[in-house]
Structure formats: C-alpha cells, structure tokens
Amino acid sequence: MKKTTILKGGRVIDPANGVDAVQDIVITDGRIAAAGPAPKGAEIIDVAGKVVCPGFIDIHVHFREPGFEYKETVGTGTRAAAAGGFTAVACMANTQPVNDNRSITDYILARAKYEGVVRVYPIGAVTKGLEGKQLSEMAELAEAGCVAFSDDGKCVMDANLYRRAMEYTLPFGTPIISHAEDCNLSHGGAMNEGVVSTELGLPAQSALAEDVMVARDILLAELTGAHVHIAHISTAGAVRLVREAKARGVRVTSEVTPHHLVLTDGAVRSFDPNTKMAPPLRSKRDVEAVLEGLSDGTIDCIATDHAPHATSEKEGEFDHSAFGIVGLETAVSVLLDRLVKPGIVPLTTIIKRLTADPARLLNLPGGSLTAGAAADITVLDLDAEITVQPLKFRSKSRNTPFAGWKLTGAPIMTIVDGAVVTV
Amino acid sequence: MGWTRKDLLTMRELDASEIVTLVDTAQSLEEIATREIKKVPALRGKTIVNLFYENSTRTRTSFEIAGKWLSADVINFSASGSSAAKGESFVDTAKNIEAMSPDVVVVRHSSSGASEILARQMRCSIVNAGDGCHEHPTQALLDLLTIRERKGRFEGLQVAIVGDIAHSRVARSNIHAMRKLGMTVTVAGPPTLIPPFVGELGVKVSHKLEDAIRDVDVIMMLRLQNERMDGGLIPSLREYSRYWGLTLDKLAKHARPDVLIMHPGPVNRGVELSPEVADGPYSVILDQVAKGVAVRMGVLILLAGSKAAAQA
C-alpha cells in the first residue's frame, strides 16, 4: 500500500514552476504527486499560514570529514543542514586527505549513506592535494559522483594549469568552482582593506585580490568554453565583471553568502574571530553591489560556505584565528529577517536562489516541486521569532558572527524523500 | 575628573576630557621621580602582571618602575619564558593569570586586538601596552604630556607624524588623541607606508618630508622596521634615509626654530634620524621616556587605585 502525506493549506512557492499560491502538496511514496484528489487514509500535515517550497540546496559547505572530524562530520553537518532547511548540500574537497581521488569520494558518499540525513554531493579537487601543481583524476572523480571541481580555500594561481583543468572537464559537464583570491595580492590579509583595517591595524587584503582573479577566470572561461562558477562573490568589482561577462555570453555564474549580504567590515571592530572569513567582510559599497547582483541575476544563487572550526581556533588573536564561519543553521533566518522582512529582496527571489538556481548550476535533481520529483521540501514560518543560540547548533562548531541575533522567520520543517527529517 | 573605565585599551574610545584627566593625573605624579625615596603607598597590596608577548625594554621597564613606585607587586610574564612557548593559547594563559587574582594586567602583543580579547575574558583591569599595529595608548599619553609641557596647550598645534604609518600603533593612538584635542595632524611617508583611507581618520597626507615638516610645532619620527624591505614596501634603508631621514640641514631649511622632535624609540640612528638631530636641541626624546613612567603611574592609579590613594 502506498504511503501518502498531504501538506495542507500552505502557501506554495515553487519558482521553477512559477507557482506562488495556497495549495496542498501531495506526497506519494516519497515523490511529489500530480494534482488530484488525495487518497483516503493519507497523513495530513497542517501547514496553513506557512510557506512550502522546494528543499533548499547549498552548493558550498565544508563537512571536514575525513580528517577534521573534531570540527564537523557528514553526520553532524547534514543535521545542521536539515535544521537550517537544506535538503541537499555540496561539500568542498579540502578534507584530509583531500577529495582528489575516488576512494575519498566513495568514503564521503558512504558516510552520507550511513549517517547523513540530507543529500550530499561531493565536490572534487581540481589539483592533487589542492597544491595547484597537477590535475587530480577528474574523470574518475566525476564518474564516482563529484558534481563539480574546486580547490576552494585555495586559489589555483597557475593560469595555464587552470586553463587545462577547464578544458579537461568539458566532456563531463561539471563546472569548475573558483575561490577567486590572488594570494600575492591578498598577502595573508586577515580582513578587507579599507578605513576599518587602517583604524584597527590588522593585516588587510584589497578587494582587488578577488577582482583580478575573477577577471582571469572569466577570460579563461571565455577561451575554453567551460562553465566557471565564482564562489562567495563579495566585491563590487567582481559583480561588475561577472555582469559584463554574462552579457557577452561567457559561461560564468556566481554565488554569494548570507554574511556578505548583511555584514560589513565594520563588524571586525569587535576583533571577534567569528567575523573573519575568506573572502573577508567587505565595505558598505560592496554589500550594496552584491545585493544588486543578487536581485538582477548576476549572482545566481546563495550558498553558505559553512566552514566549521573548533572554539579553540576561533577565540584568540584575530590574525592567528582560522578563516571561516558556520552558516547552515542561520542562513535562512538571516535572509528572511534582514532581506525579505525589510523588503530589500522579494521572498520569491530568495527562494529561487536557494532552490531552482543552485540545482541548475550543478545539474542537480531537485529544486522544484514538479510532479514526479523526489519530495524534498522546506517549510518556512515567516513569523517565527528566534534567537541564534550557538550552543544549540546541530553542527559540532559554534563559530558564527550571528550569536544572540533576534530574527524573524525560520525553517520549521525539512522533508527529504517525503519523510520529515528529525534532527 | 571622572574616570569610570575598567580598562585602557585605545585612545579611539576615549573622549577629550578623559584624555585630559589621564594627562593631568600623570603630570601630578611627575615629581615622584625627583624624590629621594621614590615610593608612595597608592597601590600597596595590588598586583600588576606585565604580560609581554613581544620584546620590549622601554615600555615594560617603564610599567615595572611605575608599579613599584606605587608600591604594587609587579610580576613580569614574558612569552619566551612561559607556557606560551610550550604552545598554550593566549586565551588559556589569560584564564590562568586571571585565576591568580591580579588587579591589573598590562599586555603587549603582536596581534591587533589582543587587549580587547583579554578585556572580554578577564575581570581585572587591562592596560594595552601596544597591540600589533593597532594602538599604544600610554605612548600617546606620554607624547601629549611632553607636548603640553613644552607648548603649554593642545588646541591649534600642528603635528607631522613621519615614517611607517601603516605599521605604527603609536601613530594611530596619537592621531585619535590629537584630533580630539584640536590638533592638526599630517602623516608623511612613502605611499607604500601610508595606509589606505587614512584621510578618513581626519589627517592630511604628505609624500614629501620637506613639505610635511614646514611650519609644524611637533615632528614625530617613527622607527622604520628593517623587515619592511621584504614586502616590497621600500627599496633600501639607504634610499629611505636619503628621502625620509631627518637631518639638521633639513630642519634648518624647512622647520620652525622652536619645533619639537619626538620619537617613540628605539631610534634607528642614521635611518630616520641623524644622530645630531636625535641628540640635538630640538629633541625631547628622553623627556618622553621620563614622562612615560609618570603616565603609567597615572594610568595604574586611575584603574586600580582607590579614590583616597589618588591623593597620595
């Protein structure tokens, strides 16, 4: 006998299908059922007054397994994802050992199968050991299930090698994801170069370190015809470059993090290491530019760059602390409270940038409520009032700059393959 | 004469009246150095820990003398002789020292913001004795005390700060303090040593020494760290000293006859200052050092002393 669940009375927002209407969603055997009368005996979940959308997809997380299980594991990371409303994640290759060969990809997928509560898509390394010297075995990685390639956390400084990587991966249809940072220009800078860094006397990196690399990668994408995706875009210059390249027809796409949308480098005045990440928090002008890019489509999607670190790595001297913050469990509330509630970005745009757009970029299933699709669904309560409490995170790590923030709007239910995920 | 703060971390956070309170308090304590018995009971029974993660002779000695003249128990903790050398984290060290109930911790650290971290972690008073390239408030205070004694005022004075502004905590503390006290500040140096957007801190920028020192009341020369060549910031010490070194000849041609020459030390003789200038009639460099002890006594009394003790 078929198992049927009905999400009743919610406002369904499904950007892929142009839907924004109050209607019921019927799930049969883990899949979205075609519209029609629901069978008797179905389980009813009342979601009246709530927003029902396709499960959110985060194409940029770091789950640290294997190698850094004290920061995060696939098990804890996927629980954090589910708690934050995400039904699928793509995890970066900078594990130890690096995900630059099939056995590591297999291991990550096995951990996901046994401990994961949401879908996990591995991203393979572009170069062996992320060393920027030799290509990893990308054909086999793609066959094993890697959905993209990236040396994220590091930048491939050798332009010729990067060109070869783009050419080599053309037959697989997998994008190359660029961590755009010219490490000569960034030169170990712990924060954005600007009036705040001048005041604080912290080693700083110019926005140019990102702009230069985005420009290079756009030119390489144009030369090779490859799809280059710019991770965590954060500068006005990079947004302008991507906008111009897209208008020319270059296959370049980009993502932005919630923190680069709502925080400026002014937050570093606290010297709180939880305001330190790569790329760094930028100026107000840059924040305005990424908001504009998110609205006009220059920026294709929102990704968290969830980067867990242990407390001991994030409580000391700012310049000695690790780069990165967790994001899975705060992203949706931060976006709803800071961008949707004040009317800066429409709710439907935010949902599209978390569903249909990321699915399109990495050729992933999901991202829509089309009949027959796997029933991956996120339910939002736009009126829920929450306080960010890092000690209650499902993630192993607590490194967030949003601790104590009072936010309105939150994910309240995450459904994968038709089953409500409990975390 | 209100002083309500637990810590002295930056000049940026102080208002003009707080700065004047600190300078006045220091001035009232200067005469202790002239006594035969240099000891007052103001901080008897108080414990001061000098927590120095960076080499420093002048500043640590100055704080140590200040604490001892005030009858406090002063303990020096240097990173190289301690558990920090064995890999203990900065925060763990702070928590361990906190457990021993000090009244004041004076911290010197190579990382900007180190004193803010301690102030968040510890209940006792924190004095920033220099954090990275951020601030060095007691240096700014002793500079101000020196300037006021010689010039009789702050308002309307013109100051040139010359050299490696980008890496100077002394420059930052002085810029904040001097602006609040109504002084005009010009920072000067090769563009690679001037931090971007420094104009937004309310200073003028000059790239020519001769222009910067013209008509100013005070010239503050900064030490050029030898390692600055490594980052491609300057080609050589030789070229730097040729264009940015202050000599008697340049002073005579371009500066006022009553100009004060200051330097936070240690001086690179022959690089930023010629020996004749460092030891010459314009120089108040040793005055600065002497006033450093009075300033540190004043700070320690305001942070750790009882009201009665402040009258001692």
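What share of the 423 residues in chain A is made up of buried residues? The answer is 60%, where a residue counts as buried if 20 or more other C-beta atoms lie within 10 Å of its own, exposed if 12 or fewer, and partly exposed in between, with C-beta atoms placed from the backbone.

## About the model

This is a predicted model, in which local features need pLDDT of at least 70 and side-chain atom pairs count only at pLDDT 80 or more, while totals for chains, interfaces and linings use all residues. Residues are numbered from 1 along each chain as its sequence is written, and chains are lettered from A and ligands numbered from 1 in the order in which they are written.

## Chain A as a whole

Chain A has 13 helices and 20 strands; these are DSSP runs numbered from the N terminus, with helices (H or I) of at least four residues and strands (E) of at least two. Its C-alpha trace spans about 65 × 45 × 45 Å along the principal axes.

Two residues are in contact here if their C-beta atoms, placed from the backbone, lie within 7 Å.

## Strands in chain A

Let us begin with a five-stranded open sheet, which has the order 11-12-15-16-17 and parallel pairing. Two strands pair if DSSP finds at least two bridges between them. Strand 11 (149-150) and strand 17 (301-302) of chain A each have a single partner strand, so one side of each has no neighbour in the sheet. Strand 16 (residues 252-256) of chain A joins strand 17 over two parallel bridges, and A:Val256 has A:Ile302 as its bridge partner. Helix 7 (residues 208-224) of chain A packs on this sheet and touches strand 12 (176-178), strand 15 and strand 16, with its direction at about 165 degrees to that of strand 15. Axes are lines fitted to C-alpha atoms, for helices over the stretch in contact, and angles run from 0 to 180 degrees between N-to-C directions.

Elsewhere, strand 9 and strand 10 of chain A pair in the parallel sense over four bridges, with A:Val89 opposite A:Val120. Strand 10 (residues 119-122) is covered on both faces: A:Arg119 and A:Tyr121 are buried on one side, A:Val120 and A:Pro122 on the other.

## Backbone details in chain A

Two cis peptide bonds deserve a look. One runs from A:Glu65 to A:Pro66, with omega near 10 degrees, and A:Pro66 lies in the loop between strand 8 (56-61) and helix 1 (74-83). The bond from A:Gln96 to A:Pro97 is also cis, with omega near 0 degrees; A:Pro97 lies in the loop between strand 9 (86-91) and helix 2 (102-115).

A:His232 is not a glycine, yet has a positive phi of about 30 degrees. This residue is buried, with 26 other C-beta atoms within 10 Å. A:Asp417, likewise not a glycine, has a positive phi of about 55 degrees, and is partly exposed with 16 other C-beta atoms within 10 Å.

## A sheet and its helices in chain B

Chain B has an open sheet of four strands in the order 2-1-3-4, with parallel pairing. Strand 2 and strand 4 are its edge strands, each pairing on one side only. Strand 1 and strand 3 of chain B pair over five parallel bridges, and B:Phe52 stands opposite B:Arg108. Helix 11 of chain B lies across strand 1, strand 3 and strand 4, at about 150 degrees to strand 4.

Among the buried residues of helix 2 of chain B are B:Phe63, B:Ala66 and B:Trp69. Their cover includes strand 1 (47-52), strand 2 (73-78), strand 3 (104-109), strand 4 (125-131) and helix 11 (285-304) of chain B.

## Where the chains meet

Here 20 residues of chain B are in contact with 16 residues of chain A. Helix 4 of chain B gives the most to its side, with three residues. By class, that side has 10 nonpolar, six polar and four charged residues; Ala, Val, Leu, Ile, Met, Phe, Trp, Tyr, Cys and Pro count as nonpolar, Asp, Glu, Lys and Arg as charged, and the others, Gly among them, as polar.
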